[in-house]
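Q: I am new to this structure and would like to learn how to read it. Can we go through it one feature at a time?

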Amino acid sequence: MKIQTKKQIKLALHYVRGHLLQYMLGILALLIVDALNTRIPRLTGSLTDTLAGGLSGGNLTMADVWPVCMQILFSGVMITLGRFGWRYFIFGAARSIEKEMRNDLFGHLEKLSMRYFHANKTGDLMAHFTNDLQSVRQMLGMTVITTFDASVMLVMVVYSMLRYVNVHLTLIAIVPMILIVFGDIFFGKVMHRRFRERQEAFSELTDMVQESVSGIRVIKAYVQEHLEMAAFARQNENTREKNLNVVRLFALVMPLLDMIIGISLVITLIYGGYLTIQEQMTLGQFVAFNSYVTMLVWPMIAVGECISSLSQGMASLGRVFRIFKEKPDIKEAEDARRDITAIQGGITLDHLSFTYPEGEKPVLSDISVEVKPGEILAVVGRTGSGKSTLVHLLEREYDPQDPASIRIDGIPVSKLPLSVLHEGIACVPQDSYLFSDTIEENIAFGMPEKDGEAIREAAKAACIHDSIEAFPEGYGTLVGERGVTLSGGQKQRVAIARALVRRAPVLILDDALSAVDTDTEEQILQNLKEVCRGQTQVIIAHRISTIQHADHILVLEGGRAAEYGTHAELMEKHGVYRHMYDMQQLEKQLMHGGSGEA
Amino acid sequence: MKKQTEDIAYEGNAFLRLISYMKPYRGMFALCLVLVLGGTAMEILRPVIIGNAIDRYITGEEALSLTRDARFQGILIAGGLYVLLLLARFLLNRFQYLLMQKTGQNIVYDLRGDLYRHVLSLTMRFFDVTPVGKIVTRITNDVESINEVYSNVLVKLFQNGVKILTLGSIMIALDVRMALYSFLLVPVVVVLTVVFRKLSRAAFQLTRTRVTALNTFLSEHLSGMDLIQMFGREEQKHKAFCQKSEELYEANSREILINALFRPSTYLTYVIALVLLLLVGSSQVIRGSVTMGTLYIFIQYIESFFNPIQEMAEQFSTLQSALASAEKIFTLLDTRPDIPEENNPRILDKVQGRIEFDHVWFAYKDEDWVLRDVSFTIEPGERVAFVGATGAGKSSILNLMGRYYDVQRGSIRIDGVDIRQLSREQIRRAIGQVQQDVFIFTGDIAGNIRLLREDITDEMIRKSAHDVNADRFIERLPNGFSQHVTERGSTFSSGERQLLSFARTLAYDPRILILDEATAHIDTETERWIQEAVERLMQGRTCIMVAHRLSTIQHCDRILVMHHGKIRESGTHQELLALHGIYWKLYELQLLSRGAG
């Protein structure tokens with residue numbers, strides 16, 4: 001725990017170090033502001049004295065007033081500059097640090113393996129980038145300022161009170177102010193709790209509405225509208241109540257604060273007035289003291305704020321720190337075959353079995369396949385039969401329990417340099433995920449250098465070229481939320497083009513034609529024969545039509561190889577494969593022959 | 001395609017309509033304003049007391065003419081007065097603040113209730129095209145931002161307006177010349193504030209856009225991390241991220257710069273005003289036309305005079321964004337349900353369960369007919385199944401019976417009465433609908449069967465669950481019927497969800513049963529339970545089902561085969577098989593897929 005905190009602080013300091021100059025300038029500006037701030041009341045005070053002295057005899061002219069006023073003006077200008085300075089330097093530094101942490105965090109996440117991303121939802125990771133970095137920034141910005149400012153102000157104001165005004169008056173007038181610190185700490189806790197309760201009530205309300213609107217069909221079907229309304233009213237009432245709880249506290253705290261300041265001022269008036277009448281104090285000192293009292297309010301409040309902001313910042317820093325501590329569990333082996341710069345594309349599965357790290361049952365068991373470079377391996381089977389796992393293993397998103405059971409060109413996948421492996425395999429994943437970028441950029445995703453000609457060739461082979469050209473912006477069309485919405489089939493074809501453009505020795509299609517209509521599918525397969533000559537292909541599919549020309553067909557059932565052979569061989573067997581084939585034929589008939597209408 | 005009514009700008013005056021919500025609370029509100037006046041007066045009085053005390057008892061001719069004791073006494077009286085004022089102010093502020101906030105909260109409570117009631121009254125067509133998130137935002141965040149108007153902005157605007165006017169008047173009354181000098185810099189503050197508002201708003205918006213851009217990039221690339229790694233794009237993507245990050249940083253820096261310039265510069269204006277006042281004031285004091293006390297009051301007032309001006313600018317901008325929310329809320333409130341409710345619905349004493357479709361044409365959108373001229377009659381107690389490929393129009397028939405949508409042509413009758421003449425409540429009480437996908441509400445299992453009807457006892461829940469075999473899986477749960485479940489968090493299989501839905505339907509004991517069978521794969525054991533359950537559910541009810549399972553279909557009195565929005569074949573299982581048509585093919589397909597399982 002202690003060591004953890006120490007390490008966290010070390011992490012923060014590592015970033016702060018790069019901005020030491022900014023911090024120093026900022027703090028210097030802050031000190032100037034604070035020093036001058038206490039000067040202005042003193043100046044107005046001395047002006048008052050000058051005036052009062054002039055009134056009670058002596059011949060006063062404006063020449064006596066001018067210098068003081070100019071000093072006030074000068075101080076005011078300096079304060080203005082100082083205030084600008086500290087905001088600019090310290091907030092700027094905090095923002096820079098936030099940016100640097102953000103960049104490093106993303107870079108670090110890129111190194112982590114898929115297992116981490118499966119275990120941590122995107123939304124949670126996002127929260128680290130937004131909420132946590134924000135409170136770290138606040139800690140390194142606002143809190144730094146508040147701490148310095150409040151303590152310096154406190155010392156200076158009290159010093160000025162003691163030094164320039166009156167010791168007794170100071171001691172008496174300050175007593176109520178101390179109450180603010182205690183009140184702050186006490187009410188701060190209560191306030192925090194009530195705020196949290198209010199927030200929770202609001203989330204509950206949001207959740208309820210969210211759920212009811214999602215389940216509106218049930219509400220209507222079971223005529224629950226009136227009852228639902230009553231339930232909502234309760235939640236609504238709860239929100240109001242929790243809001244009022246906060247309000248009630250505010251209604252106490254704010255006037256109370258006002259009251260405390262007022263009491264200090266009354267003490268100043270009575271005791272200070274007395275001292276003035278007794279001529280132990282000048283009128284100017286009396287006026288200045290009034291200002292000092294109000295100046296004390298802020299440092300008193302700040303103490304509580306610093307404490308809570310600091311604890312929040314440290315908690316966030318801790319969460320960020322934990323990510324930085326995370327180590328990738330798939331990395332290049334120490335004894336990786338660095339002599340290998342490219343793969344040929346031979347794939348061997350040698351009694352391959354695999355269980356997910358968090359799983360219990362094996363997802364794949366005892367699978368053996370031998371694919372020579374340039375051959376086509378097809379894998380069919382139901383959802384959950386382990387087809388995609390095979391792809392994950394080839395891509396080395398996970399390592400099998402026996403690393404030697406999956407080999408490329410005879411070398412265990414885990415022994416290949418990661419970059420060689422990733423460059424050697426072009427994959428079309430199942431979800432055909434595209435980025436919100438132009439179509440061209442999406443296809444060029446894996447290209448070291450963008451080549452318009454190659455992109456168009458790949459798009460043609462994937463049968464998406466014509467659709468792209470049909471968009472007003474052509475290849476420059478944005479996809480995703482801000483651009484056009486592509487259909488599932490179009491997305492898959494763009495994803496295919498993205499893989500084809502890489503011309504890798506191994507091409508994997510993970511159920512990549514499921515949303516493409518049959519005719520287009522046939523066309524794409526035809527094109528692949530041409531374009532991918534010599535490339536090893538691994539095709540995972542549901543439709544038999546997609547894979548019947550493959551050199552090897554592996555039928556998976558519950559992670560086991562149920563059947564294995566060529567299309568002709570498997571048809572002969574009259575097993576699972578044949579059954580799938582017959583069903584798909586019948587479905588086809590039904591779709592085409594069911595009706596005479598369009 | 002999904003053009004939402006909400007995107008259309010609100011036509012009326014949102015501000016006046018907001019004000020109209022205050023009507024029931026106008027008494028309280030008026031009281032608030034009076035209290036604000038009182039509070040402001042006291043705030044203004046405060047420096048006067050001290051200023052007075054200085055003039056009369058501490059310094060000045062009048063004071064010097066008194067004995068020390070008399071002077072001190074005077075100060076004590078002034079102090080006492082000040083304490084009284086403090087107490088009064090404490091009570092007044094507290095009371096006024098509470099009253100104002102309560103009023104605001106009450107209005108928000110009313111508005112939120114109205115809005116939710118209205119949303120519940122809207123029809124499925126509305127929910128089909130409006131994203132859930134949008135509706136939720138209206139009811140939660142948008143209403144919340146309006147709260148600010150009632151509980152803060154209106155009163156504060158009033159308060160600050162009063163403050164400025166009173167302070168201004170007092171200053172003029174005290175000394176015209178000094179007052180005028182004090183006002184000299186007011187235009188500067190106003191201009192500064194307005195310009196800053198504009199700049200900072202623009203900067204803020206730029207930051208927002210960049211934050212969104214960065215977050216979109218982030219969420220997209222975290223989701224697509226597998227691709228980045230597979231394609232070896234780590235370095236490029238990191239560069240792209242840093243670029244976005246840098247852009248955000250630049251926007252942030254701009255915001256910092258603007259803020260860093262503004263706040264100190266208003267301070268500078270204040271200092272200049274102060275110096276000006278001191279110079280003018282001093283010369284007046286020297287000439288004897290102004291007392292020291294007056295100068296003190298002016299020094300105190302000048303700061304309190306500048307603050308409200310800046311605050312008002314802030315309050316106007318809050319009002320602006322609240323009005324934007326108000327417009328969205330009112331637009332939603334003005335959305336009329338597209339299925340009118342009959343004002344004087346006919347009442348069926350006892351629903352028999354006879355259903356007629358009479359030349360029904362129906363489309364979800366324009367002329368995309370989903371049902372074309374569909375006619376059939378189902379007698380009370382009859383069991384009828386609809387079969388057909390996806391998109392043939394089966395589910396639409398079920399939707400129309402519950403009057404979730406209205407037909408474009410033709411009519412639908414229950415027991416001979418057009419359903420448009422019945423209240424929706426009556427129709428839906430008569431019909432029990434088992435949906436394909438069962439929505440699970442947060443709560444426990446019992447709550448999911450009973451829904452919100454408290455009159456359904458635990459006993460009835462247990463019995464319903466037992467009758468449809470749902471208790472078999474419920475009892476396996478660690479907490480049985482009180483097991484906590486959520487929509488996203490529950491791990492029920494689709495078969496279990498179906499059973500739960502059966503129990504829900506049975507508990508409500510409808511005359512007509514509509515069953516939309518789940519297509520998902522269900523394990524054999526659950527499958528057997530479901531079959532038994534369906535049989536029990538159907539007992540003594542008119543049953544209409546969209547069925548996928550052979551067993552359910554075969555036991556039906558009649559099977560209607562849908563194809564492209566029309567009824568193409570009709571008859572019993574045996575009759576239809578003999579036809580060798582669509583039904584026969586569907587049947588063969590099912591047999592095959594059975595074999596595979």
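**Reading the model**

Q: How many of the residues of helix H12 (residues 394–401) of chain B are buried?

A: A residue is buried if 20 or more other C-beta atoms, placed from the backbone, lie within 10 Å of its own, exposed if 12 or fewer, and partly exposed in between. Helices are DSSP runs of H or I with at least four residues, strands are runs of E with at least two, and both are numbered from the N terminus. In H12(B), six of the eight residues are buried, and the helix is mostly covered. They are B:Lys394, B:Ser396, B:Ile397, B:Leu398, B:Leu400 and B:Met401. Just after H12(B), B:Arg403 has a positive phi of about 55 degrees.

Q: What should I know about the model and its numbering?

A: The model is predicted: local features need pLDDT of at least 70, side-chain atom pairs count only at pLDDT 80 or more, and totals for chains, interfaces and linings use all residues. Residues are numbered from 1 along each chain as its sequence is written, while chains are lettered from A and ligands numbered from 1 in the order in which they are written.

Q: What is the radius of gyration of chain B?

A: The radius is taken over C-alpha atoms, and the globule rule is 2.2 Å times the number of residues to the power 0.38. Chain B has 37 Å, whereas a compact globule of 597 residues would have a value near 25 Å. The C-alpha trace of chain B spans about 125 × 65 × 50 Å along its principal axes. Its secondary structure comes to 21 helices and 12 strands, and 39% of its 597 residues count as buried.

Q: At what angle do H9(A) and H4(B) cross?

A: Axes are lines fitted to C-alpha atoms, for helices over the stretch in contact, and angles run from 0 to 180 degrees between N-to-C directions. Angles under 35 degrees count as roughly parallel, over 145 as roughly antiparallel, 65 to 115 as roughly perpendicular and the rest as oblique. The axes of H9 (residues 225–277) of chain A and H4 (residues 68–121) of chain B come within 8 Å and cross at roughly 165 degrees. H9(A) is therefore roughly antiparallel to H4(B).

Q: How many residues does each chain give to the contact?

A: Two residues are in contact if their C-beta atoms, placed from the backbone, lie within 7 Å. Chain A gives 105 residues and chain B gives 108. On the side of chain A that touches chain B, the largest share, 27 residues, comes from H9(A).
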